[in-house]
Amino acid sequence: MPRASLHTIGCRLNHAETALLGDQLRRRGYELVEFGQRTDLVVVNTCSVTDNAEADCRSLIRKIRRTAPDAFVAVTGCYAQTSADVLQQMEGIDLIVGTQYKMELPRYLTSLARRPAPEILHTRTVSRDDFAIEGIGEYQETRANLKVQDGCNFMCSFCIIPFSRGHERSRRPEDILREAEGLVARGHREVVVTGVNVGRYRCDGLTLADVIRLLEAMPGLDRIRISSIEPTTISDELLERMAGPSKLCRYLHVPLQSGDDGILHAMNRRYTAQEYVRFIEKAVRTVPDLGLGTDLMVGFPGETDAAFANTRALAADLPFSYFHVFSYSPRRGTAAAKLPGAVPAATVKARSEDVCALSRAKRLKFYHRHVGQTVSVLFETRHRSGLFTGLTDNYIRVGVPANDDRSNQIRSVRLTGAMDGLAIGV
Ligand code: SF4
């Protein structure tokens with residue numbers, strides 16, 4: 001039986017796709033093995049969202065070549081789409097697969113004989129058609145990702161994703177339900193509905209709220225969580241569903257990026273700071289105890305001290321429980337890469353550290369607000385502290401002292417305290 005090892009760099013969607021590729025390979029007779037074990041095939045699912053991500057991809061490929069010199073190496077993902085020419089120059093890659101063929105990669109593995117030069121399967125543009133995907137994601141984790149959408153038409157000026165993943169398109173609803181049923185049959189109780197721009201889901205007249213409604217009817221599925229979603233795409237129907245007695249987690253991760261209107265305009269984001277505030281106020285009013293996260297980008301070209309201060313003030317004011325902070329990195333081919341006003345690296349670093357510290361403080365405050373309450377936790381794994389940890393539906397990471405294995409159990413927990421990154425309960 002040939003052995004295969006799969007590696008992912010990048011976002012939740014990439015992880016969802018690797019999980020599906022793993023399942024496809026297993027069905028074709030491969031044994032899946034961990035990194036470092038002897039293997040015949042290595043699949044690397046790459047990311048191109050920042051310079052650092054691309055550097056990580058190259059370094060991972062070099063490491064694989066050293067640790068598995070005889071294995072066939074197939075490279076796919078966003079970096080393979082945007083920079084096939086760069087990867088082609090690297091030593092030791094046998095197959096480069098662009099976005100169009102990514103989810104069919106196993107079909108192209110007709111032979112695992114190493115090649116003198118990489119074969120390249122790549123198209124400049126990517127189909128806009130609705131799609132289905134073979135397989136059921138293969139996850140070790142408690143929560144499974146469920147890909148429902150791909151691509152993006154929004155063209156934010158800093159973002160390479162519309163180039164690497166193409167136009168927005170949606171997964172056929174019957175195929176979403178098929179995979180969800182398979183995930184539930186494997187014991188997953190929570191799925192994270194994932195895409196590039198999930199709020200833009202449209203297929204056969206159905207919206208994201210319709211997909212959630214269909215998933216809610218599935219026996220055995222206890223929780224549905226929506227991954228990152230653009231503020232302008234969240235419908236009232238979705239908020240009302242989240243607020244009601246529902247399997248839909250009271251959780252939204254809504255990228256803000258900047259709190260400064262000049263920067264938002266230069267980013268080609270589709271809202272002003274005030275519009276974003278109004279949306280968040282509505283969401284918080286509608287959904288009690290909403291767990292709310294956001295993305296912030298620091299160091300965008302032209303981000304003055306005053307512009308950053310606007311972002312910081314808004315991030316401090318709004319009831320976020322955490323932020324993901326990204327330092328701007330120019331991407332070849334994007335509109336922002338041509339903008340003047342580069343921010344010095346030291347300033348970017350200082351701004352990043354500042355808002356990261358604010359994020360930690362806000363998370364602790366959010367956790368403290370729940371101390372004394374009884375919450376429902378889906379347990380996942382044992383933390384290095386020895387506590388067994390899991391998540392509430394509104395994204396509080398909870399740890400309890402427990403000798404027994406609680407993984408994949410949903411239990412009531414009374415919160416007694418909170419520390420950085422972990423609420424403590426019994
Ligand atoms: S919404 Fe903007 S940031 Fe998000 S994937 Fe689309 S272009 Fe990129």
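This is a predicted model: local features need pLDDT of at least 70, side-chain atom pairs count only at pLDDT 80 or more; totals for chains, interfaces and linings use all residues.
1. Partly exposed, as the word is used in this note, means a relative accessible area between the buried range, under 20%, and the exposed range, over 50%. K282, at 27% relative accessibility, therefore counts as partly exposed.

2. K282 has a charged partner. Its side chain meets that of D236 in a salt bridge, with 2.7 Å from N to O.

3. Side chains of opposite charge can pair when their charged atoms come close. In this model the count of salt bridges comes to 42. Two further examples follow.

4. E17 and K147 form a salt bridge through their side chains, at 2.6 Å from N to O. This pair links distant parts of the chain: E17 is in helix 1 (residues 12–27), K147 is in strand 7 (residues 144–147), and they are 130 residues apart. Are the two partners buried or exposed? E17 has 1% relative accessibility and so counts as buried. K147 is buried too, with a relative accessible area of 3%.

5. A network of salt bridges links E17, K102, K147, D150, R165 and R169.

6. D204 and R172 give another salt bridge between side chains, at 2.5 Å from N to O. Here both partners sit in loops: D204 in the one between strand 10 (190–194) and helix 7 (208–216), R172 in the one between strand 9 (169–170) and helix 6 (173–185). The two residues are 32 residues apart, and the pair links distant parts of the chain. D204 counts as exposed because its relative accessibility is 53%, whereas R172 is partly exposed at 24%.

7. Turning to the rings, the number of aromatic pairs comes to 9. One of them joins Y101 and Y108, whose ring centres are 5.8 Å apart; the planes stand at 80 degrees, so the pair is edge-to-face. Y101 is partly exposed, with a relative accessible area of 24%, and Y108 is partly exposed at 26%.

8. F379 and F388 make an edge-to-face pair as well, with 6.2 Å from centre to centre and 75 degrees between the planes. Both F379 and F388 are buried.

9. Where does the charged end of R225 sit? It lies over the ring of Y251, 5.1 Å from the ring centre. Separately, Y271, Y276, F320 and F323 form one aromatic cluster.

10. The last point concerns V73, a residue of strand 4 (residues 72–77). V73 has 1% relative accessibility and therefore counts as buried. Which residues does V73 contact, leaving aside its neighbours within four places in sequence? They are V42, I64, R65, G92, I93, D94 and L95. For G92, which is 19 residues from V73 along the chain, the C-alpha atoms of the two residues are separated by 7.2 Å.

How values were computed: Residues are numbered from 1 along each chain as its sequence is written. Side-chain values use heavy atoms; hydrogens and water are left out. A salt bridge is a side-chain nitrogen of Lys or Arg within 4 Å of a carboxyl oxygen of Asp or Glu. Helices (H or I, at least four residues) and strands (E, at least two) are DSSP runs, numbered from the N terminus. Buried means under 20% relative accessible area, exposed over 50%, partly exposed in between (1.4 Å probe, protein chains only). Rings of Phe, Tyr and Trp (its six-membered ring) pair if their centres lie within 6.5 Å; planes under 30 degrees apart count as stacked, over 60 as edge-to-face and the rest as tilted. A charge sits over a ring if NZ of Lys or CZ of Arg is within 6 Å of the ring centre and within 35 degrees of the ring normal. Contact means heavy atoms within 4.5 Å.
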